[in-house]
Amino acid sequence: MRRDQLEHAIRAACQIIGHREVIVVGSQAILGSFPERGLPAAATMSLEVDILPIAADNDETARLADMIEGVAGEFSPFEELHGFSIDGVDLTTSVLPGGWRDRLVRVSNANTAAPSGEPQFTGWCLDKEDLCVAKLCALREKDRNFVAALIETRLVDPELIERRLATVAEGHVAAVQAARRWLIAQADKP
């Protein structure tokens, strides 16, 4: 996925739910921190954007996420036309470190605006190390490959990821321990 496609996804998601801002929580949030030309291929392979609507509670967030999914999700006419899909997600989708909302990266420009130029929508992308925490707490093969590629290219700080793992809520102890074991194994690689 390219940065312009991320911007398109932000604009489309905002228009679908009638909000001016959304949060990007999936792997494509890395495009908020770096242009695609500066990223390893493993970091931009996904053709879906995970969008978290901003709402007063998780029930409303889930309702808005379903709206996005229904219009632009996998196998939708939107995906067929544009070559990528938008997955609406809620607050239970990702395990995130404490303070993540304070570190979001703003994406807002002419490409996130409506055709008339107004309103100009905003996508708030997870900070790169917070994104790695979320990926490592999920720890699927694609998540490990994503984080490994970013570490190998020195685009993220493994020590900062480790420190942020310590701030994940207590209900995710097993996921944090598995993530730490993986990080240690990565550091021990020749």
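Glu7 is buried, with a relative accessible area of 8%, where buried means under 20% relative accessible area, exposed means over 50% and partly exposed lies in between, with a 1.4 Å probe and protein chains only. The model is a predicted one, in which local features need pLDDT of at least 70 and side-chain atom pairs count only at pLDDT 80 or more, whereas totals for chains, interfaces and linings use all residues. Residues are numbered from 1 along each chain as its sequence is written, and side-chain values use heavy atoms, with hydrogens and water left out.

Arg3, at 24% relative accessibility, counts as partly exposed. Both residues belong to helix H1, in which they lie four residues apart, about one turn of the helix; helices (H or I, at least four residues) and strands (E, at least two) are DSSP runs, numbered from the N terminus.

By the same rule, the count of salt bridges comes to ten. One of them joins Arg164 to Asp127, with the closest N and O atoms 2.5 Å apart, and this pair links distant parts of the chain, since Arg164 lies in helix H6 and Asp127 in the loop between strand E5 (122-125) and H4, 37 residues apart. Arg164 and Asp127 are both buried, and together with Arg103 and Asp130 they are linked in a network of salt bridges. Another salt bridge is formed by Arg140 and Asp143, the closest N and O atoms being 2.6 Å apart; here Arg140 is partly exposed, with a relative accessible area of 43%, whereas Asp143 is buried, at 0%.

Strands E1 and E2 run antiparallel and are joined by three bridges, with Leu52 in E2 as the bridge partner of Ile23. Strand E2 (residues 48-53) and E3 run parallel and are joined by four bridges; Glu48 stands opposite Ser85 in E3, and Ile51 stands opposite Gly88 in E3. Five of the six residues of E2 are buried, so this strand is largely enclosed by the rest of the structure.

Within strand E2, Ile51 counts as buried at 0% relative accessibility. With residues up to four places away in sequence not counted, Ile51 touches Ala13, Val22, Ile23, Val24, Ile68, Ile86, Asp87, Gly88 and Val89, contact meaning heavy atoms within 4.5 Å. Ile51 and Asp130 are 79 residues apart in sequence and 16 Å apart in space, C-alpha to C-alpha.

In a regular strand the side chains alternate between the two faces of the sheet. Both faces of strand E3 (residues 85-88) are covered, with Ser85 and Asp87 buried on one side and Ile86 and Gly88 buried on the other. Asp87 is buried yet has no salt bridge, the nearest side chain of opposite charge being that of Lys142, 7.6 Å away; for charge, Lys and Arg count as positive and Asp and Glu as negative, while His and the chain ends are not counted. Leaving aside neighbours within four places in sequence, the contacts of Asp87 are Glu48, Val49, Asp50, Ile51, Glu69, Gly73 and Glu74.

Apart from neighbours within four places in sequence, the contacts of Ile86 include Ala9, Ala12, Ala13, Val49, Ile51 and Phe78.

The structure holds one aromatic pair. The rings of Phe78 and Phe84 have their centres 5.5 Å apart and their planes at 85°, so the pair is edge-to-face; rings of Phe, Tyr and Trp (its six-membered ring) pair if their centres lie within 6.5 Å, and planes under 30 degrees apart count as stacked, over 60 as edge-to-face and the rest as tilted. Phe78 and Phe84 are both buried.

Definitions and conventions. Pairing = 2+ DSSP bridges. Salt bridge = Lys/Arg side-chain N within 4 Å of Asp/Glu carboxyl O.
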